[in-house]
Amino acid sequence: MASNPYELVSQRGRPKLVHDGHIYVQEKRSKDQKRQFYRCQRVGACKARLHVSVETGAILKEVGTHSEEPDPAGIEMARKLHGLKMRALTSQETPLQLIENVFESTSQAAKLIAPSHGTLSKFVNRAKKKASRAPAVPPDRASRSEEHTS
């Protein structure tokens, strides 16, 4: 079929694939668990699908056609935002420093669709806050009972 798909992660942690200038989100697996189905991220407007081998990650089949043109700037922006979030989780830099470092080599087309600095700062702060938050539920019953006996 085409080039090796580049994986991204959705806001909810599910895998996304980039293929031929379009982004696909994970939908479901086949009954025999050998194929993973992906759908175009433009849910209501586009019916395009991909069938991907679970074992090799190779694209087995493309179903349907896209109702929109490929969006390389959108893909670049999705990669930059994913990189920004991953860097925010591991870095002690301020949001402004992170934004400047991640977006310094961004193309003009991607800069046109980029969120504002204020929105990106909120994005970074939320990611850092979520990473530093304690888990809502204890990992197992044993750790919870140890806390109560102390």
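How many residues lie between β5 and β6 in their hairpin? Five residues separate the two strands, and glycine 57 in the turn has a positive phi of about 80 degrees.

This is a predicted model, in which local features need pLDDT of at least 70, side-chain atom pairs count only at pLDDT 80 or more, and totals for chains, interfaces and linings use all residues. Residues are numbered from 1 along each chain as its sequence is written, and side-chain values use heavy atoms, with hydrogens and water left out.

Colour the chain by pLDDT (the predictor's confidence in each residue, from 0 to 100). The chain average is 83, and 87% of the residues score at least 70. Helices (H or I, at least four residues) and strands (E, at least two) are DSSP runs, numbered from the N terminus.

Select residues 49–53 and 59–63 next: these are β5 and β6, paired antiparallel over four bridges (pairing requires at least two bridges found by DSSP). Valine 52 has isoleucine 59 of β6 as its bridge partner.

Move on to residues 117–132, helix α4. Leu120, Val124 and Ala127 are its buried residues (buried is under 20% relative accessible area, exposed over 50%, partly exposed in between, with a 1.4 Å probe and protein chains only). They sit on the same side of α4 because they cover an arc of only 65 degrees around the axis, taken from the directions from the helix axis to the C-beta atoms. On the other side, Lys122, Arg126, Lys129, Lys130 and Ser132 are exposed.

Methods
Expected span 1.5 Å × (residues − 1).
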